[in-house]
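Please keep the sequence and the structure open while reading.

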Amino acid sequence: MNSTLTLLAADTELPEPVAPGWQLVLAFLAGIAVIVVLISFVKLHPFLALIFGAVTVGIVPLVLSLVTGDTVDQSLTTVLKSFTDGFGSTAAGVGILIALGAMFAKLLADSGGADEIVDTIIGHSSPRMLPWAMALVGAIIGLPMFFEIGLVLLMPVIYLVARRSQLSLITVGIPALAGLSAMHGFVPPHPGPLTAIDLLHADLGVTLALGVLVAIPTIIVGGPLFGRLAGKWVVVGAPDTFDGDRAGLSDDERAQRPSFGITLFSVLLPVVLMMGKALVDIFIDDKNQWLRVTFDVLGMPLVALLIAVIVGMLTLGRGAGMSREAITKCVESGLPPVAGIILIVAAGGGFKQVLVDSGIGTMLARWAENVNISVILLAWVLAVLIRLATGSATVATITASALVLGLVENMGTGQTSLVVLAVGAGSLFFSHVNDAGFWLVNQYFRLSVSQTIKTWSLMETVLSVAGLVFVLLLSLVV
């Protein structure tokens with residue numbers, strides 16, 4: 001199906017604009033500005049900043065109406081209700097999956113399974129192939145893990161590989177970061193893609209399959225290829241921060257961990273279940289109803305991740321010789337670090353709902369139809385602008401998805417999934433000083449601000465643009 005906008009205003013389910021268009025645009029910009037100022041300058045937690053941003057979006061038209069005399073079809077009470085409705089629905093749809101993903105990631109880290117993956121791959125790579133191996137490691141670790149967790153986990157390996165190979169820390173590290181970041185932006189069950197899938201009512205299995213197709217070439221371009229150039233621009237050595245921890249491990253502790261095959265099986269299990277649902281839906285006819293029902297259940301994100309956690313307790317936890325009490329403690333300890341993430345994601349859903357109920361999405365859809373712009377390109381541009389303004393890939397994903405919600409209603413399953421991936425690509429664009437990830441990389445790699453921009457920020461931009469290009473290419477055949 002062609003991706004050119006075919007929205008008909010009469011058919012859209014989005015609310016009508018509650019105020020004149022210029023007031024809604026001003027309210028939107030004011031809300032974004034409040035979020036940026038509160039996060040970047042006041043240093044307020046994003047959860048609170050998103051609440052104030054949502055209230056600002058609702059209040060601005062009310063204040064302007066007092067000056068212009070225009071009618072505004074909303075009140076502060078309805079704005080607050082919109083926020084709480086969006087908060088609750090997002091927490092219910094995504095929060096459980098984030099919690100399960102965090103449990104599995106903690107099992108993978110504490111069992112030594114992640115170490116087994118990286119040691120196996122690195123041990124079979126020549127120095128020239130190390131950047132490619134690191135990109136693969138980053139992608140595998142990035143499948144179930146949040147970017148921040150994966151980065152912290154991989155830093156000892158990145159340091160060690162850089163020293164042994166005599167390569168720049170950037171040459172080795174950028175490919176791993178590209179693998180982590182691309183998976184976080186394109187592939188469910190990460191919060192961004194899941195949220196976009198939920199908002200745009202895309203098929204998760206199809207989006208997962210297409211996301212992997214887009215992520216692989218994108219990682220190659222933004223990882224090993226760009227890393228080779230960035231390593232020439234910025235040459236830094238690896239510190240010895242983690243040497244003591246690794247050298248202190250006993251032989252028994254090194255040996256007592258799950259095998260590479262078992263670990264890889266555990267990591268890929270939820271991905272296979274979700275992708276299997278999509279393949280069954282496509283290739284199995286209704287005569288095999290029992291098979292479709294089975295995969296419909298097993299391929300649900302909640303069920304797939306729940307199965308992965310239960311299986312991981314056996315394959316990873318018991319495989320590492322952990323006691324029942326140790327496994328329980330490990331799983332429980334994975335939850336506190338993601339409590340803030342769940343709140344931020346849910347608050348972003350509340351902010352999104354305020355935008356949707358204000359009618360700005362309907363207004364934008366009508367404008368976009370008139371200029372005849374590709375919905376894929378529009379989704380990417382919107383995500384880029386919000387990413388630059390807020391520094392949050394999650395906020396960019398949620399807001400951009402909300403603004404193009406009415407544009408995907410007449411699209412096919414594949415095209416809707418490509419819009420989700422375009423939003424994900426845009427949400428990665430040029431991480432800078434208002435992004436926590438920027439400072440995480442800055443500190444771990446011991447870089448100056450300018451060096452971080454030349455490496456990390458440009459890498460994110462390459463991933464974003466390359467991702468868009470590959471999404472557009474897929475749109476020609478999907």
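Is D296 buried, partly exposed or exposed, going by its relative accessible area? D296 is partly exposed, because its relative accessible area is 30%. The model is predicted.

D296 belongs to helix α13 (residues 289-298) and K277 to helix α12, so the pair ties together parts that are 19 residues apart in sequence.

## Other salt bridges

The count of salt bridges comes to five. One of them joins the side chains of R257 and E116, with an N to O distance of 2.8 Å. R257 sits in the loop between α11 (251-255) and α12 (260-283), while E116 sits in helix α4 (residues 113-123). The pair therefore ties together parts that are 141 residues apart in sequence. E116 has a relative accessibility of 16%. The cut-off for buried is under 20%, so E116 counts as buried.

R387 and E460 form another side-chain salt bridge, at 3.2 Å from N to O. R387 is in helix α18 and E460 in helix α22 (residues 449-475), so this pair ties together parts that are 73 residues apart in sequence. R387 is buried, with a relative accessible area of 4%. E460 also counts as buried, at 2% relative accessibility.

## V381 in helix α18

Helix α18 spans residues 375-390 and includes V381. This residue is partly exposed, with a relative accessible area of 31%. V381 lies 42 residues from V423 in sequence. In space, the C-alpha atoms of V381 and V423 are 8.3 Å apart.

## Packing of α16 and α19

Two packed helices are described by the angle between their axes and the distance between the axes. Helix α16 (residues 336-358) packs with helix α19 (residues 393-403) at an angle of about 25°. Their axes are 9 Å apart. Angles under 35 degrees count as roughly parallel, and α16 and α19 are therefore roughly parallel to each other. The crossing of α16 past α19 is right-handed.

Which residues of α16 and α19 meet? From α16 come V345, G348, G349, F351, K352, L355 and V356. From α19 come T394, I398, T399 and A402. By class, this contact holds six nonpolar, four polar and one charged residues.

Key. Residues numbered from 1 in each chain as written. Predicted model: local features only at pLDDT ≥ 70, side-chain atom pairs only at ≥ 80, totals over all residues. Heavy atoms only, no water. Axes fitted to C-alpha atoms, helices over the stretch in contact; angles between N-to-C directions. Helix = DSSP H or I, 4+ residues; strand = E, 2+ residues; numbered from the N terminus. Parallel < 35°, antiparallel > 145°, perpendicular 65-115°, else oblique. Left-handed = near helix turned anticlockwise from the far one by under 90°. Contact = heavy atoms within 4.5 Å. Nonpolar A, V, L, I, M, F, W, Y, C, P; charged D, E, K, R; others polar. Buried < 20%, exposed > 50% of the residue type's maximum accessible area, 1.4 Å probe, protein only. Salt bridge = Lys/Arg side-chain N within 4 Å of Asp/Glu carboxyl O.
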